[in-house]
Amino acid sequence: MSHQPSSTEAPNSIEAKDIAYQLHSYTNARKQEAEGSLVIERGEGVYVFDNNGKRYIESMAGLWSVAVGFGEKRLVEAATRQMAKLPYYHTFTQKTHGPSVDLAEKLIAMAPVPMSKAYFTNSGSEANDTVVKIVRYRSNALGKPEKKKIISRLKGYHGVTLASASLTGLPNNHRAFDLPMPGILHTTCPHYRAGAVPGESELEFSQRCANDLESLILAEGPDTVAAFIGEPVIGAGGVIVPPSGYWQAIQAVLKKYDILLIADEVICGFGRTGEMFGSTKYEIEPDIMTLSKQLSSSYLPISAVLINDRIYQPIADESALIGTFGHGFTASGHPVAAAVALENLAIIEERDLVGNVRTLSPHFLSRLRALESHPLAVEARGVGLIGALETYHAAFAEKPGALGAALNRAMHERGLIARNLGDTIAFCPPLIINEAQIDEIFDIVEASFDAVNATIDNGKA
Ligand code: PMP
C-alpha cells in the first residue's frame with residue numbers, strides 16, 4: 001500500500017503521517033513502511049508510554065542519555081525560567097551570556113584532569129567534528145601542517161557528520177556514504193573475547209592492541225599523526241569494556257610519539273561507569289574531552305568540547321594571526337540548553353546518582369551475567385550501569401542481526417525497551433533506577449530469551 005499523501009487521501013493518524021512525512025534515523029525505511037512506527041507519547045521516571053497507553057521500562061535511557069529519568073520537573077522549570085529571561089543569544093564575536101559561562105565554569109571544575117576551556121556544540125557528532133577541526137587548526141598553528149591524521153578504533157562510535165562518521169569504526173556509517181574521509185585511520189578494537197588468541201591474558205591482549213597502534217603510527221609516520229580518539233567504554237559498537245591494562249598501554253604509545261588523546265565521554269560522562277567520568281574509572285588523561293547526552297539528560301540538545309592549555313594556547317595565537325577562530329554554531333552554548341544542563345548536573349550531584357550507580361552496579365551486573373549461560377547468549381559485558389548480552393544461535397547463523405531483532409521484539413511485547421545492536425542487546429538505564437526496576441528489566445529479558453529459545457526448539461525460528 002502506498003503511503004503517499006494525496007489531496008483525496010490525506011493520512012490522519014500519527015502512524016500514517018509519520019510514514020508519509022518523516023525519514024527516520026537508523027531505520028530500514030521500507031520495513032517501517034510495511035510495519036509502522038511506535039509512537040511514544042509521554043514519560044515518567046524510568047518508564048515511557050505509547051499512544052495506546054502501554055507502559056515500557058526504558059532500559060536504554062532513550063539513547064544512553066536520560067540520566068535523571070523522563071518527566072523531571074526541575075528541568076522543565078529551569079528551561080521555562082531561562083526562556084522567559086533570555087530565550088536565545090549567541091557566543092560569537094566576543095558576546096556571551098550567564099548560562100554558557102556558568103556551564104563552562106562548572107565543566108572545567110568537574111573535569112577529571114586540568115582543562116582550560118569549554119567549547120559548546122549541539123550534539124555528540126558536532127562535538128567530535130569540532131575536535132577534528134581543532135586538531136587541524138592547532139597543528140597549523142604550531143607550524144606542523146603534516147601532523148593531521150587521527151586514529152580511531154574499529155567499532156568505536158563518534159557520530160554521523162562527515163568527520164565524526166569517519167571516526168566511527170562501523171560499516172553502516174561508512175557504506176554508501178563514501179567514508180571514511182582521508183586522514184582518519186582505524187586500529188584494533190579492544191574486545192578481548194573476540195580478539196584474543198588462545199592462551200592470551202587480558203594484559204597481553206591489551207599490550208598487543210597497543211603494539212598494533214604503534215605499528216600503525218610507525219607505518220604512517222609519527223610526524224603525520226596528531227591524535228587518537230576513543231570512548232573509555234565503547235558504547236554503540238556493542239558495549240565493549242576495555243581489558244585490564246588497555247588504557248595504560250595505549251597512553252604509553254601516545255606519549256612516546258607526542259600524539260594527543262581525545263576521550264569521547266558522550267556516553268560515559270556524568271556517572272555511567274560508577275565514576276563521574278570514564279576517564280577517572282580507567283585512569284585516562286585526555287587532552288580533549290567530548291561530552292553530551294547525560295550533560296542535559298538529552299532534555300535539550302547540547303554538547304561540549306573541553307580542551308587543555310596545550311590545545312587552547314596555539315588556537316588563541318592562530319586566531320590572533322588569522323583574525324578569528326572561524327568556527328561556531330548559531331546555537332553554540334544556547335542559553336536554555338545550558339540552563340537545563342546546569343540544573344541536570346545539580347540533580348546528578350544532589351541525588352548522588354553516581355553513588356547510585358556504584359550501589360546498584362553489582363546487582364545489575366550479576367543479573368546480566370546470570371544470562372551468560374542462557375542457550376542464546378555467548379557473552380555478558382558491563383561496568384557501572386551499562387551492559388550488553390551478545391547472542392548467537394546456529395538457527396540464525398545465516399542471518400546476522402535476526403536473533404537480536406527477534407529478542408528485541410519479544411522484549412518489546414513484554415513492555416521493555418532495550419536496543420539490539422545487531423545480535424548484541426544493550427542496556428543503559430536511567431541513573432535514577434532502583435533495584436526493583438533492575439529486576440523488572442531482567443525478568444523480562446529472561447522471559448524473552450526463553451520465549452525465543454522455545455520457538456527455536458520447536459523448529460519455528
Ligand atoms: N559519541 C558517542 C560515544 C556516542 O555514543 C554518540 C551517540 N550515540 C555520539 C558520539 C554522537 O552523538 P549524537 O548522536 O548526539 O551526534
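Start by selecting Ser-297, in the loop between E9 and strand E10 (303–307); helices here are DSSP runs of H or I with at least four residues, strands are E runs of at least two, and both are numbered from the N terminus. Before going on, note that this is a predicted model: local features need pLDDT of at least 70, side-chain atom pairs count only at pLDDT 80 or more, and totals for chains, interfaces and linings use all residues. Residues are numbered from 1 along each chain as its sequence is written.

Back to Ser-297: its phi is positive, about 55°, although it is not a glycine. Is Ser-297 buried or exposed? Ser-297 is buried, with 28 other C-beta atoms within 10 Å. (Buried takes 20 or more other C-beta atoms within 10 Å of the residue's own, exposed 12 or fewer, and partly exposed falls in between, with C-beta atoms placed from the backbone.)

Now jump to Glu-283, in the loop between helix H11 (278–281) and strand E9 (288–291). Glu-283 is not a glycine either, yet has a positive phi of about 50°. Glu-283 is exposed, though, with 11 other C-beta atoms within 10 Å.

Next, select Ala-304. Along with Leu-306, Ala-304 has the most contacts inside the largest nonpolar core, a set of 126 residues. Such a core is made of buried Ala, Val, Leu, Ile, Met, Phe, Trp, Tyr and Cys residues joined through C-beta atoms within 7 Å. H13 is the top contributor to this core, giving ten residues. Domain 1 (38–68 + 352–457) and domain 2 (74–350) both supply residues, so the core lies between them; the domain bounds come from an automatic or database assignment. Leave aside neighbours within four places in sequence, and the contacts of Ala-304 include Leu-107, Tyr-119, Phe-120 and Leu-291. Contact here asks for C-beta atoms, placed from the backbone, within 7 Å.

Colour by domain for the next stop. The C-alpha centres of domain 1 and domain 2 are 27 Å apart, and 24 residues of domain 1 are in contact with 23 residues of domain 2. Which helix gives the largest share of the domain 1 side that touches domain 2? That's H14, with five residues. By class, that side of domain 1 has 14 nonpolar, seven polar and three charged residues. (Nonpolar covers Ala, Val, Leu, Ile, Met, Phe, Trp, Tyr, Cys and Pro; Asp, Glu, Lys and Arg are charged; the others, Gly among them, are polar.)

On to a helix pair: show H4 (residues 73–85) and H13 (residues 335–350), whose axes come within 8 Å and cross at roughly 145°. Axes are lines fitted to C-alpha atoms, for helices over the stretch in contact, with angles from 0 to 180 degrees between N-to-C directions. Among the residues that meet are Leu-75, Ala-78 and Met-83 in H4, and Val-336, Val-340 and Ile-347 in H13. The residues of this contact divide into nine nonpolar, two polar and two charged.

Then find Pro-180, in the loop between helix H7 (162–167) and strand E6 (184–187). The peptide bond joining Leu-179 and Pro-180 is cis, with omega about 5°.

Last stop: Gln-94, in the loop between H4 and helix H5 (98–110). Gln-94 counts as exposed, with 5 C-beta neighbours inside 10 Å. Draw a distance from its C-alpha atom to that of Cys-209, 115 residues away along the chain, and you get 44 Å.

Terms used. Contact = placed C-beta atoms within 7 Å.
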